[in-house]
Amino acid sequence: MPKIRTHELILMGMLTGILFMGQVILAFLPNIEIVTLLILLYTLIFGRKVFLIVYTFVLLEGIFYGFGLWWINYLYVWSVLVVIALIFRTQRSSLFWSIVVGFFGLFFGALCAIPYFFISGPAAAFSYWIAGIPYDIIHCIGNAGLCLILFNPGYYILNKLYTRVLSE
């Protein structure tokens, strides 16, 4: 992992808190969330260092909500998003990222069905995934819409903040 400076670590801690707070505040809405957009933006700004934010967030989720099977999903599902964002890191189009996070939301349930495949077999995993498709559609639309609206201002603000922290 690349070296992290003290100012950068403090910023990452604050952004992790914002990520967690955003998830908790929007938890009452089924599959409408800000986490995907924030992890995308954080990845574009911090690169591979974002894994520290992601796994701290996942740990906070487990502490707050309890450590269940869903928690294991979060260990790899958010990493999939980070890897996708790292691959296309030079892309700055809000339309491009809206499509990416829309598809991510659409396939979120399929990704979360993976442990059921190993625990209970293919039929259980398939059933889990199919039952969640209406929520995955909502997730897709919510992710794409939020990204279209908030990607450019979010990237601008975070990039400016990060540049300022690095200059100190």
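Trainee: In this predicted model, what does Thr 16 touch, not counting residues up to four places away in sequence?

Mentor: Ile 53, Thr 56, Phe 57 and Leu 60 are the partners of Thr 16 once residues up to four places away are set aside. Thr 16 itself is found in helix H1, residues 6–25.

Trainee: Is Thr 16 buried or exposed, and how do you know?

Mentor: The relative accessible area of Thr 16 is 5%. Buried means under 20%, so Thr 16 is called buried.

Trainee: Which residues meet where H8 and H9 come together?

Mentor: On the H8 side they are Trp 129, Ile 130 and Ala 131, and they meet Ile 133, Pro 134 and Asp 136 of H9. By class, this contact has five nonpolar residues, no polar ones and one charged.

Trainee: What makes Asp 136 the charged one?

Mentor: Asp counts as charged, while Trp, Ile, Ala and Pro count as nonpolar.

Trainee: Now the pockets. What do we know about the largest pocket?

Mentor: Its volume is about 520 Å³. The largest pocket is lined by 22 residues, and Asn 31, Glu 33, Tyr 74, Phe 108 and His 139 lie nearest its centre. Helix H4 (69–87), helix H6 (108–112), H8 and H9 are the elements that give two or more residues to this lining. H4 gives the most, with four residues. The lining divides into 14 nonpolar, six polar and two charged residues.

Trainee: And which residues are closest to the centre of the second largest pocket?

Mentor: Leu 38, Leu 41, Gly 154, Ile 157 and Leu 158 are the closest, out of 14 lining residues. The second largest pocket has a volume of about 180 Å³. H1, helix H2 (35–46) and H9 each supply at least two residues of its lining, and H9 has the largest share, six residues.

Trainee: How does that lining divide by class?

Mentor: The lining of the second largest pocket has 13 nonpolar residues, one polar and no charged.

Methods:
Residues are numbered from 1 along each chain as its sequence is written. This is a predicted model: local features need pLDDT of at least 70, side-chain atom pairs count only at pLDDT 80 or more; totals for chains, interfaces and linings use all residues. Side-chain values use heavy atoms; hydrogens and water are left out. Contact means heavy atoms within 4.5 Å. Buried means under 20% relative accessible area, exposed over 50%, partly exposed in between (1.4 Å probe, protein chains only). On a 1 Å grid over the protein atoms alone, a cavity is a set of points where a 1.4 Å probe fits but cannot get out, and a pocket is an open set with protein on both sides within 12 Å along at least five of seven lines; lining residues have an atom within 4 Å of a point. Grid points are joined across faces, edges and corners, and a volume is the space filled by probe spheres set on the points.
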